[in-house]
Amino acid sequence: MSRRVRLLLFACAGPGLLAVLLIGLHGLPAFGDFHGPYGLLVDRVEPGQRHATDVVTALNFDLRAFDTLGEEFILFASVSGVALLLRHLRDEDEDVESNRSVANHRFAGASDALRVLSLFLIPLLVSLGVYLALHGALTPGGGFQAGVVLAAGPLVILLAGRYLALKRVAPKWLLEASDATGAAAYALIGLGGLIFASIYLKNFLPLGTSGHLLSAGTMPLNSIAVGLEVTGAFLLTWTEFLDQDLLVQREEL
Amino acid sequence: MTALQAVGLLVVVAAGTAIVFVPDPLRQALVLSIYGLALTLLFFIFQAPDVALSELVVGSVGMPVIILAALRKIAQHAAGGEEDEEGGE
């Protein structure tokens, strides 16, 4: 198809799409205009009955805990798939010796200023991640958010150009263990509900005082479990991709 | 809708359009990262801090890193393929 025909096609289809979009947007309710009974009910029930001050986390780890279990294993399965696809093949070899540029770091742009900045960023990200995991039921955040922030901490080492140091801080066995432990821990906490309250994933621990660190029953534990899993999952995906880039070499036949 | 919300929406529209109009994939990955930041701000303005925190890392760091790694590998692959052909002759 020539450029002229494509432009002509766009000239017809573009305004049509715009018109449909505008009609659709016109019929939307105003922002904040909400009449769903479920949302109002959750807003009323969760802070009072579950002593959680962040209703989003309360939804994820209590009312819809089973959905979160499914989501967790979707993440687990997809990361396992990435690890399987990017595994080392028979004629591939991880060759650090011939990759001096990787071993000594130095890719273009990793200046002293950038390395100082990364030194400053790593503790900041790690402490923010730990905070988010622990305060999941209290403030915005929770397991997933904590996991991605925690995973970004070690990734900053790459920003400083020290990929091998990143591999030392977060070796693959540790990431795999963290991914698997987190996923298993969430399922096992659910099993606790089955044992102590005869309902799977039921919030069976004492609820404590609203606003305290140890409150809202199993939610802080769930949050930590999900945080562990997501940290492992994200870092494992990143290192698998970066390994392929920087370390894996095809053997000369 | 407040002025802040309108500005947030406009910034996201501008960043999204910018991704499409950048021709080079390498630069596109970086603009995508900026788009992730714009989305983070938008979620925050619309009072969804939980979603904003996820988007902050996934959109502005997670995706671009994987895209950059893939681009590098494609470049390596293309260079390696040419060498092989030369070697075979």
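The expected span of a helix is 1.5 Å times one less than its number of residues. The legends below describe close-up views of a predicted model.

**View 1. Helix α2 of chain B, residues 25-45, end to end.** After α2(B) comes Gln47(B), a residue with a positive phi near 60 degrees.

**View 2. Buried residues of α2(B).** Buried positions on this helix are Ala29(B), Leu32(B), Ser33(B), Tyr35(B), Gly36(B), Ala38(B), Leu39(B), Thr40(B), Leu42(B) and Phe43(B). An α-helix makes one turn in 3.6 residues, so residues three or four places apart point the same way. In chain B as a whole, 27% of the 89 residues are buried.

**View 3. Chain B and its side towards chain A.** Chain B contains three helices and zero strands, in the order α-α-α from the N terminus. Of the contacts within chain B that link residues at least 6 apart in sequence, 48% are between residues at least 24 apart. Between the chains, 15 residues of chain B are in contact with 17 residues of chain A. The side of chain B that touches chain A consists of ten nonpolar, two polar and three charged residues.

**View 4. The crossing of α3(A) with α10(A).** Helix α3 of chain A covers residues 55-63, and helix α10 of chain A covers residues 219-246. Their axes come within 10 Å and cross at roughly 90 degrees; the two helices are therefore roughly perpendicular to each other. From α3(A), the contact involves Thr57(A), Ala58(A), Phe61(A) and Asp62(A), while α10(A) contributes Met219(A), Asn222(A) and Ser223(A). By class, three of these residues are nonpolar, three are polar and one is charged.

**View 5. The crossing of α2(A) with α3(A).** Helix α2 of chain A, residues 37-50, has an axis that comes within 10 Å of that of α3(A), at a crossing angle of roughly 75 degrees. This angle makes α2(A) roughly perpendicular to α3(A). The α2(A) side of the contact is formed by Val42(A), Asp43(A), Glu46(A), Pro47(A) and Arg50(A), and the α3(A) side by Val55(A), Ala58(A), Leu59(A), Asp62(A) and Leu63(A). Six nonpolar and four charged residues make up this contact, with no polar residues. Ala58(A) and Asp62(A) of α3(A) take part in the contact with α2(A) and also in the contact with α10(A).

Conventions. Residues numbered from 1 in each chain as written. Chains lettered and ligands numbered in written order. Predicted model: local features only at pLDDT ≥ 70, side-chain atom pairs only at ≥ 80, totals over all residues. Contact = placed C-beta atoms within 7 Å. Nonpolar A, V, L, I, M, F, W, Y, C, P; charged D, E, K, R; others polar. Axes fitted to C-alpha atoms, helices over the stretch in contact; angles between N-to-C directions. Helix = DSSP H or I, 4+ residues; strand = E, 2+ residues; numbered from the N terminus. Parallel < 35°, antiparallel > 145°, perpendicular 65-115°, else oblique. Buried ≥ 20, exposed ≤ 12 C-beta atoms within 10 Å, placed from the backbone.
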